[in-house]
Amino acid sequence: MDSAPAGRLRSPCLAPRPPFLMIDRIGHVDRKARSLVALRDLTFDDPFLTRQRRGPPLYPAVLLVEMIGQAILSLLNVFPQPRWRTAPPAGLLTRIGRAEFLAAAAPRAELVAEARLIDVDEFHLRGAGRVHIGSTLLALASLEIVNAAA
């Protein structure tokens, strides 16, 4: 699949809108691996950059995990689950099983999130992902999202 704007593959469960939408576009979907690549252009005018006394402004690490979560939920459009389509965004509960932050993200970079569905049914999904800039790995996370409205 060619690159597509995030809105085309956004999950019905994915409520965020800019600036809280952490994905600009979907770069690739692999149906066999149940995975996708999501992209975000990190620029100096990003509202979430934190200013440092010394050095460049940095992107908060917890938002890298949010980016992974949004990419995982976007996979519900590729592998739809009927009960998930009707779940209101407030009905989703997330458990972060593991998160590791390995490097900082600075502006003028393209954040690349690789996300994979591990397991999904009408009540919950498990997924994992990582965010990197080029060959520099920034964060890893595994998430469980419960469909509280099911």
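R40 is buried, at a relative accessible area of 6%; buried here means under 20%, exposed over 50%, and partly exposed in between, with a 1.4 Å probe and protein chains only. By salt bridge I mean a side-chain nitrogen of Lys or Arg within 4 Å of a carboxyl oxygen of Asp or Glu.

Before going on, the basis. This is a predicted model, in which local features need pLDDT of at least 70 and side-chain atom pairs count only at pLDDT 80 or more, while totals for chains, interfaces and linings use all residues. Residues are numbered from 1 along each chain as its sequence is written, and side-chain values use heavy atoms, with hydrogens and water left out.

Now the layout. The protein has three helices and seven strands, in the order β-α-β-β-α-α-β-β-β-β from the N terminus. These elements are DSSP runs numbered from the N terminus: helices are H or I with at least four residues, strands are E with at least two. Of the 150 residues, 45% are buried. Of the contacts between residues at least 6 apart in sequence, 63% join residues at least 24 apart, a contact being heavy atoms within 4.5 Å.

Back to the salt bridges. How many does a search of the whole structure find? The search finds six. One joins E110 and R25, with the closest N and O atoms 2.4 Å apart. E110 is in strand β5 and R25 in strand β2, 85 residues apart. E110 is partly exposed, at 33% relative accessibility. R25 and E110 also belong to a salt-bridge network with D41. Another bridge joins E144 and R95, at 3.0 Å between the closest N and O atoms. Since E144 lies in β7 and R95 in β4 (residues 92-101), this pair ties together parts 49 residues apart in sequence.

Next, the core. A nonpolar core is a set of buried Ala, Val, Leu, Ile, Met, Phe, Trp, Tyr and Cys residues joined through side-chain atoms within 4.5 Å. The largest one has 37 residues, and Y59, L111, L125 and V131 touch the most other members. Elements giving two or more residues are β2 (25-30), β3 (35-42), α2 (61-74), β5 (109-120), β6 (124-133) and β7 (136-147). Helix α2 gives the largest share, eight residues. Leaving out residues up to four places away in sequence, L111 touches, among others, Y59, L64, M67, V131 and L138.

Helix α2 is mostly covered, with eleven of its 14 residues buried, including L63, L64, M67, I68 and L73. What span should its 14 residues have at 1.5 Å a residue? They should span 20 Å, and the end C-alpha atoms are 20 Å apart, which agrees; the expected span is 1.5 Å times one less than the number of residues.

Last, the rings. There is one aromatic pair. F20 and F48 form this pair, tilted, at 5.8 Å centre to centre and 55° between the planes. Ring centres must lie within 6.5 Å; under 30 degrees between planes is stacked, over 60 edge-to-face, and the rest tilted. F20 is exposed, at 52% relative accessibility, whereas F48 is buried, at 18%. Separately, the charged end of R34 sits over the ring of F79, 5.6 Å from its centre; the cut-offs are NZ of Lys or CZ of Arg within 6 Å of the ring centre and within 35 degrees of the ring normal.

Methods:
Rings of Phe, Tyr and Trp (its six-membered ring) pair if their centres lie within 6.5 Å; planes under 30 degrees apart count as stacked, over 60 as edge-to-face and the rest as tilted.
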